[in-house]
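The entries below keep the order in which I looked things up.

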Amino acid sequence: MIQKIKNSIILQLVCIVFAILVVLSITLFAAFLYVKQTTRTYAETLAESLLRQADNELSLYEENLRYNAEALCRYLVIDEDSGNGALIDDESDKEVRDAQLSSYFSQIVLKDREIVSAIIYDKEMNPVVTLGKQVTMPEKQLYIRKEEDLNADWYFPDRNDFYYAFYYPIYGESGVNASLVGMCVFYIEHWRIDGSLHNILNDSTSAMLLSDSNNLDLSYHAFGNVPPEADMQHLKADNDFIYREGNWQNGIRIAVAVSVSGNTSDTEGIRKFIVLAFILAFILLAIIIFFSYYRMARPIHALDRFIDESIGHPEKRLNLNRTDEIGKVASNLDHMLDENQQMIKEISESKIRIYETELAQQKTEILAYRNQINPHFLYNTLSCMRDMALIKDEDSIAEMAMCLSDIFRYAVKGSNIVTIRDEVSYIEKYARIIEYRFMGKIMIRTDIDESVMDKPIIRFFLQPLVENSVFHGLESKMDSGTVDVKVELVNDRLELTVKDDGCGMDEETLEKLRNMIKNPRENSGIGLSNIVQRLKLFYGDDYSMTVDSEMDEGTEIHISVPDHIREV
């Protein structure tokens with residue numbers, strides 16, 4: 001059987017198709033398992049996230065209530081001389097105190113409109129100050145709290161709805177000897193907390209329940225395709241929902257139920273797509289088998305027989321009326337014997353032409369090497385010019401020749417990396433030539449932090465920026481101008497600034513320049529583009545470059561790079 005497969009392309013193709021189907025089946029099964037596990041894991045993660053967000057939201061709200069209570073209680077007077085501490089209810093100061101408390105309570109209500117009442121009790125649970133609506137405290141709530149508490153109850157008998165109450169104990173002293181002297185209680189409508197919890201659900205298919213220790217469902221919110229008749233107990237028992245509940249905090253607990261299928265609706269489409277892809281792949285593979293047999297295997301067998309016969313009978317030809325690749329092969333076989341010698345001759349001629357071409361190229365390269373200018377000849381010529389200028393007391397010409405010679409030497413320096421000291425020295429020589437050229441109209445000044453002098457930098461990095469400032473910013477300016485070059489070290493990064501007081505740029509030109517910096521192009525003709533490309537080459541993405549300019553004010557270019565560099 002194995003030998004038959006080896007001798008038959010069509011059987012080999014069938015085996016390959018069968019192997020592909022097996023792999024597709026295994027992949028399909030694994031994909032279903034993965035999607036199922038992924039969707040459940042996603043739902044579990046979402047449930048934990050919603051529970052954590054709800055808990056954080058409730059904690060933040062309690063923090064806000066605590067802040068309001070502390071601020072309100074600061075207007076109370078604490079009797080520090082009493083044994084355990086007590087609230088002073090001095091009738092002479094009562095009107096002033098009540099006015100202060102009422103004013104601040106109004107500010108609190110203006111900011112947090114859900115707060116409807118505030119009552120301050122002494123340690124015997126006698127009301128000292130009542131602000132806002134009158135409250136009937138249920139019997140079970142009439143006790144002093146030693147710690148903060150947040151619960152819900154029917155505090156307003158005339159309302160068929162519960163309210164929240166935030167209890168804040170008031171201590172007369174600080175530290176370990178603090179004594180409880182009273183309690184401040186805020187009474188709060190539930191819409192604020194309900195809205196915050198509802199917003200947390202966002203667009204997920206989930207439900208959230210806020211309940212207290214008395215089995216009172218304070219707030220229930222469902223979003224998405226959650227069954228409207230289902231409560232949290234039904235969702236907890238439903239296998240399609242992930243149920244999570246938090247710990248009791250101040251008698252209140254948050255529970256969340258997240259739908260597995262409802263929050264991963266896209267996976268159902270993925271499953272259908274995988275099944276459809278499998279069916280289409282099976283059909284296509286069957287088509288490939290039949291097509292390969294009738295359009296490939298049978299003609300190949302015919303070609304094989306023809307080749308065997310053509311060895312003994314070179315005059316025989318194939319006459320297949322096909323225009324596809326097999327037809328072209330048959331046509332080429334028909335001309336194979338006639339053109340065999342011609343092909344050998346053409347191959348020989350081609351080799352000769354290739355050899356002659358390579359020889360001509362080598363001669364051209366040798367000629368180009370001979371025509372190169374020896375840079376030492378240029379250095380010696382500039383040195384000779386300097387000596388002649390010194391003989392004739394032309395110090396400025398001598399200095400220019402010397403600076404130009406140093407610039408040429410720096411230009412042909414082999415390393416891509418130099419120190420800032422070398423680059424600044426090069427700029428200073430360039431600056432001398434500019435001063436002579438423009439007769440002192442343009443000045444180039446350098447302000448270099450001594451600690452960065454030996455830091456590495458890309459060669460010819462600052463000079464193009466200075467040259468742009470001179471010829472694009474100052475050359476056309478009627479008055480004199482300056483170019484300031486500043487380099488400093490900030491947090492292990494080199495901060496380089498080139499600033500001129502030239503003619504500046506309009507908004508359109510500046511925007512084009514900024515776009516070029518973001519998307520540099522080769523051979524763009526702009527020096528900044530070349531600098532940006534080299535920044536990417538040597539620093540990757542760890543650099544920044546900004547350009548600011550105003551018309552008639554000048555231009556400033558700022559570059560930030562690390563204080564180290566890698567050789568490319």
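What follows is my set of notes, from the whole chain down to single residues.

**Entry: the whole chain**

I began by reminding myself that this is a predicted model. My tally for the protein chain came to 14 helices and 18 strands. I then looked up burial, and 37% of the 568 residues count as buried. For contacts with a separation of 6 or more, I found that 61% are between residues 24 or more positions apart.

**Entry: a helix pair**

Next I turned to α11 (residues 420–437) and α12 (residues 463–474). How do their axes cross, at what angle and within what distance? I noted a crossing at roughly 20 degrees, with the axes coming within 10 Å. Angles under 35 degrees count as roughly parallel, and α11 and α12 are therefore roughly parallel to each other. I wrote down the hand of the crossing as well: right-handed.

I listed the residues that make the contact. From α11 they are Glu423, Tyr426, Ile427, Tyr430, Ile434 and Arg437. From α12 they are Gln463, Val466, Glu467, Val470 and Phe471. Sorted by class, I have seven nonpolar, one polar and three charged residues in this contact.

I moved on to the loop between β4 (127–132) and β5 (149–153), where Arg145 lies. Is Arg145 buried or exposed? Its relative accessibility is 3%, so I put Arg145 down as buried. That made me look for its polar partners. The Arg145 side chain has a polar contact of 2.5 Å with the side chain of Gln141. I also found the Arg145 side chain reaching the backbone oxygen of Tyr143, at 2.9 Å.

Gln141 sits in the loop between β4 and β5. With 5% relative accessibility, Gln141 is buried, because the cut-off is under 20%.

I then set aside neighbours within four places in sequence and read off the other contacts. Arg145 is in contact with Asn151, Tyr167, Pro169, Leu180 and Met183. For Gln141 the list is Asn151, Asp153, Tyr155 and Tyr167.

Which strand holds Ser259? I placed Ser259 in β11, residues 252–259. Ser259 counts as buried at 3% relative accessibility. Asp240, in the loop between α5 (232–237) and β10 (241–245), is partly exposed with a relative accessible area of 25%.

I checked how these two meet. Ser259 and Asp240 are 19 residues apart in sequence, and their C-alpha atoms are 5.7 Å apart in space. Their side chains make a polar contact of 3.1 Å.

Then I wrote out the surroundings, not counting residues up to four places away in sequence. Ser259 touches Ala43, Thr205, Asp240 and Phe241. Asp240 is in contact with Val258, Ser259, Val260 and Ser261, again leaving aside neighbours within four places.

**Entry: positive phi**

I kept a page for backbone angles. Most residues other than glycine have a negative phi. Which value does phi take at Met125? I read a phi near 65 degrees, a positive value in a residue other than glycine. Met125 lies in the loop between β3 (115–122) and β4, and Met125 counts as buried at 14% relative accessibility.

Asn491 went on that page too, with a positive phi near 55 degrees. I located Asn491 in the loop between β15 (481–490) and β16 (493–500). Is Asn491 buried or exposed? Asn491 is exposed, with a relative accessible area of 70%.

**Entry: Gln12**

I finished with Gln12, which has its place in helix α2 (residues 9–73). Gln12 counts as partly exposed at 33% relative accessibility. I looked up one distance here: the C-alpha atoms of Gln12 and Ile2 are separated by 9.8 Å, and the two residues are 10 apart along the chain.

Definitions and conventions: Residues numbered from 1 in each chain as written. Predicted model: local features only at pLDDT ≥ 70, side-chain atom pairs only at ≥ 80, totals over all residues. Heavy atoms only, no water. Helix = DSSP H or I, 4+ residues; strand = E, 2+ residues; numbered from the N terminus. Buried < 20%, exposed > 50% of the residue type's maximum accessible area, 1.4 Å probe, protein only. Polar contact = N/O pair within 3.5 Å; in protein donor to acceptor, adjacent residues only side chain to side chain. Contact = heavy atoms within 4.5 Å. Axes fitted to C-alpha atoms, helices over the stretch in contact; angles between N-to-C directions. Parallel < 35°, antiparallel > 145°, perpendicular 65-115°, else oblique. Left-handed = near helix turned anticlockwise from the far one by under 90°. Nonpolar A, V, L, I, M, F, W, Y, C, P; charged D, E, K, R; others polar.
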